[in-house]
Amino acid sequence: MTQYWTARASEVGALDPDCITQAAKLLREGETVAFPTETVYGLGADATNTKAVDQIYKAKGRPSDNPLIVHIADIRQLNDLVAASAITSSHRRLMEAFWPGPLTIVFPVKEGVLSPLVTAGLSTVGIRIPDHPVALELLKEAGCPVAAPSANSSGRPSPTLAVHVREDLEGKIGGLLDGGPTGVGVESTVIQMVDDNELYILRPGGITAESLRAALPGKVVHEPQKETLHESEAPRAPGMKYTHYAPQGAMQIVMGDTPQAVAAWIQQDLDAAKLQGMRTGVLTYEEHAAWYQADLVIACGSLSRPETIARELYGALRRFDTEGITYMNAEACPEEGLGQAIMNRMYKAAGHSLVQV
């Protein structure tokens with residue numbers, strides 16, 4: 001049976017210590033606890049306890065070769081997980097710039113300190129400090145590194161509200177801290193440094209490539225490729241290999257030379273789908289919502305403010321399921337800045353189904 005607590009900050013900025021204490025106790029006892037971060041809700045377990053980490057995989061139905069990110073509350077905990085010699089000057093600059101925050105850094109892991117289920121057989125581990133008061137208090141109180149992927153059934157849209165966690169995992173996890181809506185809305189950026197000179201973005205997220213370049217002037221920043229991994233390849237970071245974030249109905253992304261051309265194609269395609277008895281939906285933006293007629297038109301933020309698109313994306317994908325939409329078209333957005341992470345999630349949600357008009 002899942003325990004629930006409301007852990008929202010009061011008007012004076014204090015959190016209810018009782019719910020944090022109870023949730024941290026569950027983590028120390030080897031249970032799983034879902035909690036809010038600044039990106040999405042995470043499903044946490046003691047990263048040193050293999051039995052506890054296994055409960056994450058079972059609750060989510062997550063493939064065992066998909067590694068987990070470890071969350072810590074204090075940069076000093078890094079020394080327990082990573083050899084000091086592996087932490088370079090570039091790592092330190094990134095941590096100073098973006099921790100706490102939505103940046104996961106992949107390090108060589110100290111042998112034997114974490115459950116092998118966390119690293120999925122790799123010699124590295126992704127680590128971050130979340131920028132959320134509930135998450136930080138929980139991590140401090142638990143006193144252990146916490147492995148925490150998104151708190152959803154594997155493949156489903158990530159949860160940005162506690163109710164999303166309940167929809168997917170009620171009865172499958174030990175506890176849930178309701179901290180209200182998350183802020184960024186898409187997961188952390190995952191990066192790996194090579195020879196302290198080259199930075200590879202393994203997964204785009206809340207920290208943009210432009211921000212990383214600004215923090216590491218003179219270093220080479222490699223942006224992620226759109227290609228998916230072959231079946232035999234092991235993903236170096238979460239979300240690199242499998243279809244994720246998908247609604248239950250069929251979805252495709254549409255892009256073209258002009259918004260008007262895209263809208264005309266989408267409307268014609270939706271009309272044809274409607275004649276075939278499908279319940280139709282379109283994922284668009286505030287600037288274009290009036291152009292469409294469908295069973296459900298969702299204006300997912302504004303193109304002039306990409307952060308609003310990121311914040312609303314997963315909730316929009318879940319709403320298509322709630323409304324019983326079986327066929328969807330989604331407008332592409334510019335793949336610049338935060339748009340890179342947004343489109344990464346949309347490609348995965350659509351199973352990389354793309355129409356160019």
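Axes here are lines fitted to C-alpha atoms, for helices over the stretch in contact, and angles run from 0 to 180 degrees between N-to-C directions. The model is predicted.

Two packed helices are described by the angle between their axes and the distance between the axes. Helix α1 spans residues 17–28, and helix α6 spans residues 133–142. The two pack at an angle of about 55°. Their axes lie 8 Å apart. That angle makes α1 oblique to α6. The crossing of the two helices is right-handed. On the α1 side, the contact is made by Ile20, Thr21, Ala23, Ala24, Leu27 and Arg28. On the α6 side, Val134, Glu137, Leu138, Glu141 and Ala142 take part. By class, the contact of α1 with α6 has seven nonpolar residues, three charged residues and one polar residue.

Strand β5 pairs with two strands, β9 and β6. Strand β9 comprises residues 189–194. Its pairing with β5 is parallel and runs over four bridges. In this pairing, Ile105 stands opposite Ile191 of β9. Strand β6 comprises residues 124–128. Here the pairing with β5 is antiparallel, again over four bridges. Val106 stands opposite Gly126 of β6. In a regular strand the side chains alternate between the two faces of the sheet.

Conventions
Residues are numbered from 1 along each chain as its sequence is written. This is a predicted model: local features need pLDDT of at least 70, side-chain atom pairs count only at pLDDT 80 or more; totals for chains, interfaces and linings use all residues. Side-chain values use heavy atoms; hydrogens and water are left out. Angles under 35 degrees count as roughly parallel, over 145 as roughly antiparallel, 65 to 115 as roughly perpendicular and the rest as oblique. A crossing is left-handed if the near helix is turned anticlockwise from the far one by less than a right angle, and right-handed if clockwise. Contact means heavy atoms within 4.5 Å. Ala, Val, Leu, Ile, Met, Phe, Trp, Tyr, Cys and Pro count as nonpolar, Asp, Glu, Lys and Arg as charged, and the others, Gly among them, as polar. Two strands pair if DSSP finds at least two bridges between them.
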